[in-house]
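Good morning, and thank you for coming. Please look at the sequence and the model while I go through a few of their features.

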Amino acid sequence: MNIQTKLYTALNAVSAVTGRVYPNVLPQAPTYPAVTYQFISNPPADSFVASARFTDFHAQVTIHATDYSGLLALRQSILTATEAMPEHVVRETDIESPFEFETKTFTWILGLHLRDYEQ
């Protein structure tokens with residue numbers, strides 16, 4: 001299973017957004033809450049750890065909700081799910097975005113550093 005599938009699986013396991021996890025961008029007229037994710041870089045780490053080559057990935061997860069309290073609860077659920085991944089290294093960014101008037105939603109952006117091992 002590749003790292004994209006692993007991240008999707010972890011995010012989709014959060015019951016509040018099951019079936020509403022999208023790569024890159026939201027579809028037109030989405031149902032909220034929803035989550036988008038994208039990989040913003042994946043430079044290979046030329047290192048060996050316990051005889052296993054690994055590759056680092058930097059992922060961005062954006063949480064979309066129509067109410068602020070729902071956004072905060074969903075943020076915590078997403079953090080719990082992603083930080084439980086064996087590939088999780090560190091949370092790089094955790095940024096609250098302003099209210100988006102056009103879509104009438106709140107968003108929160110998480111930056112994750114993931115490491116995928118190749119045996």
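Which backbone nitrogen does a side-chain oxygen of asparagine 2 reach at the start of α1? That oxygen comes to within 3.2 Å of the backbone nitrogen of glutamine 4.

The model is predicted, so local features need pLDDT of at least 70 and side-chain atom pairs count only at pLDDT 80 or more, while totals for chains, interfaces and linings use all residues. Residues are numbered from 1 along each chain as its sequence is written, and side-chain values use heavy atoms, with hydrogens and water left out.

Let us begin with the overall layout. The protein has two helices and six strands, where helices (H or I, at least four residues) and strands (E, at least two) are DSSP runs numbered from the N terminus. Along the sequence, their pattern is α-β-β-β-β-α-β-β. Of the 119 residues, 40% are buried; buried means under 20% relative accessible area, exposed over 50%, and partly exposed in between, with a 1.4 Å probe and protein chains only. Among contacts (heavy atoms within 4.5 Å) with a separation of 6 or more, 56% join residues 24 or more positions apart.

I turn now to the interior. Helix α1 covers residues 3–12, and its buried residues are Ile3, Leu7, Ala10, Leu11 and Asn12. As a general point, an α-helix has 3.6 residues a turn, so residues three or four places apart point the same way.

The largest nonpolar core has 24 residues, of which Leu7, Leu11, Val61, Ile78 and Leu114 touch the most other members. A nonpolar core is a set of buried Ala, Val, Leu, Ile, Met, Phe, Trp, Tyr and Cys residues joined through side-chain atoms within 4.5 Å. Two or more residues come from each of α1, β2 (34–41), β4, α2 (68–83) and β6 (106–118). Setting aside neighbours within four places in sequence, isoleucine 78 contacts Leu11, Val14, Val35, Val61, Ile63 and Leu110.

Histidine 64 is in strand β4, residues 52–65. Is its place buried or exposed? Histidine 64 counts as buried because its relative accessible area is 9%. Its side chain makes a polar contact with the side chain of threonine 36, at 3.3 Å. A polar contact is a pair of N or O atoms within 3.5 Å; within protein, one must be able to donate a hydrogen and the other to accept it, and residues adjacent in sequence count only if both atoms are side-chain atoms.

Histidine 88 is in strand β5, residues 88–96, and is buried as well, at 19% relative accessibility. The C-alpha atoms of histidine 88 and leucine 114 are separated by 4.6 Å, although these residues are 26 apart along the chain.

Finally, consider the loop between β1 (21–23) and β2, where proline 33 is found. In general, most residues other than glycine have a negative phi, and most peptide bonds are trans. The bond from tyrosine 32 to proline 33, however, is cis, with omega near 0 degrees. Asparagine 24 lies in the loop between β1 and β2 and has a positive phi of about 70 degrees. Alanine 29, placed in that loop, has a positive phi of about 50 degrees. Asparagine 24 is partly exposed at 49%, whereas alanine 29 is exposed at 76%.
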